Amino acid sequence: MSSSTSTATGTRAADNLINLENVEKSYGLRTLLDGVSLGVNSGDRIGVVGLNGGGKSTLVRILAGTDTPDSGRVSRNNGLRMAVVSQDSGLTGDTVGEAVLSGLTGDNDGTLETHEWASVPRIRDVLEGIGVNSLGDGAGMDTPLEGLSGGERRRVGIAAALVRDVDLVILDEPTNHLDVEGVEWLAAHLLARRCALVVVTHDRWFLDTVATTTWEVHDGTVDVYEGGYNDWVFARAERSRQADAEEQRRANLARRELAWLRRGAPARTSKPRYRIEAAEALIRDVPAPRDQVELMRFAAKRLGRKVIELEDATVTTPPPESRVLVEDLTWRLAPGERIGLVGVNGSGKTTLLRALAGEYPLAAGRRTQGRTVEIGWLRQELEDLDGDLRLIEAVEDVATRVEIGGKELTASQLAERLGFSARRQRTPVRDLSGGERRRLQLTRVLMAEPNVLLLDEPTNDLDIDTLQELENLLDGWAGTLVVISHDRYLIERICDSTWALFGDGTLTNLPGGIAQYLERRRELLAGISGTGRRSTTAAGKGGAASSAGDAGDAGTSGLSAREDRELKKTLNSLERRMEKLSRKIDDLTAKLAAAASPADGQIDTGLLSSLDRELQEVRAEHGDCEMQWLEVAETREQGHV
């Protein structure tokens, strides 16, 4: 599809909000937009995707009127009410309240008084959903803007845009610095509003949830696709297939991603818009994302039997607060284990990761590490590198070659796979953007060939193509992996189990993944609002709500109290069964690893086959339990609607 295609056809002229006609924009010798013609109509929900530096932010700035094109025409509907949140949006006022309410006026055309904004449901919903009361020192609307982190300032900017009654909302990377729960709230809020939306995002779950149209910005043009991320992946893969050899590398990436989507969770793969037969033909020769048994066997050879173990560990926040994050935790990471760690911002995920790495002291308990363990740690903080080094020199300073997924890559090849063109690799480090320095840091971590990877928000500042490359690299990476991320697609794609911090002093296993995490969080928040006094820790170990809270919920749902209790009893029974099966899987995995690297060097192939077969049977039973759990949980959730 060409950039001249409108986002909608057959709409009345009065519905048109913004029109671009033959818009061109260049910076120096680089053309970002070349003859682009597009329209935004009322009711449109448009997701904007593309490579970093490809022109996405420039396009939305021109739409918003904060930047002007070199040529072409931009027309806007008279009286258009628009709210914009850009990556460099400034905030006005001295406090959070002044910044959020600056675009609103009260009875006397001044700033809204508390009794005025508190009586507007939309404003209350935004302030609660975006977490204004948890900013800074917890003073809420009176919190000074000075001293807020970049992420907290971004949340204030989003709140300032969403409290207004507008015709169009333009958001540039709104999900950065939001946790999984915040991303889900933002998506639900935008879906409930009737205004048009244009959003630049690399969060694929968010894009697929909110967007009905996708704009792909590349090579100076904008291609328009109907639907969200899933539909865009299929359409782009189909376009690449028809073009045969053209852009073959991107075609392969899209086909692998499509294969993952079609083989993944049923809720993601049952889109009625899919042309199923064509999709199946397209992915017929695409291998499964990874061979878990083979990778675990290879990981055991690299790691041995012991990786990292925490025994009776207590982890607290730094003094003077010294708040307990987890206590009496025994956690043994197995060779080849792939773990996703989730929790709200401030729940202690990064601190726990630091404790795993041995760079943060335990308040109690013991940490042990295998002798062959080599940790690769992607921190949120940027590395302090010599600014005079060229990018490729900074990579080759770690190593010149690396083996990933059985393939040997040069430093230049790995850098290119992570989004650095051959020309960009000659750029001095001091001239790189923050996002590029983050990608350089990730490249250096992978070049060191660690056998244990600790990744703290690895998707920040990565575009979707680079995310797909990273996932493909990690699919074939043999080692133990722990990743903190709010990117639901990444967690589901590269991790085999999900664990969460709910603020109750425990680390909770979630067989149902992110969906189960969000359900638990809703239960905890319902308990807080129901009593006005309960905290998340009051829900008890493992995050289960008390029976009194359940009875209160059931009384307002479509389920009777008895039915609700029976469903919850079934869920608890399935969870206990899955925990037993998980322990059995861990035991069999350890035995398989030991059998793959015996002390005498004589591998018993019969024993390996027997253990492998038993492991597959237990995993299949575990999968059946997960499906039962999801079905019962969905029944219970629907009963609470």
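This text looks at three residues of a predicted model, glutamate 449, glutamate 457 and asparagine 509. Residues are numbered from 1 along each chain as its sequence is written. Because the model is predicted, local features need pLDDT of at least 70 and side-chain atom pairs count only at pLDDT 80 or more, while totals for chains, interfaces and linings use all residues; side-chain values use heavy atoms, with hydrogens and water left out.

Glutamate 449 sits in the loop between helix H16 (434–447) and strand S17 (452–456). Helices (H or I, at least four residues) and strands (E, at least two) are DSSP runs, numbered from the N terminus. Glutamate 449 is not a glycine, yet has a positive phi of about 50°. Its relative accessibility is 36%, so glutamate 449 counts as partly exposed; buried means under 20% relative accessible area, exposed over 50%, and partly exposed in between (1.4 Å probe, protein chains only).

With a relative accessible area of 11%, glutamate 457 is buried.

Asparagine 509 belongs to strand S20 (residues 507–509). Because its relative accessibility is 18%, asparagine 509 counts as buried. Leaving aside residues up to four places away in sequence, asparagine 509 touches Ser497, Thr498, Trp499 and Ser582, where contact means heavy atoms within 4.5 Å. For threonine 498, the backbone oxygen lies 3.3 Å from a polar atom of the asparagine 509 side chain.

Conventions: A polar contact is a pair of N or O atoms within 3.5 Å; within protein, one must be able to donate a hydrogen and the other to accept it, and residues adjacent in sequence count only if both atoms are side-chain atoms.
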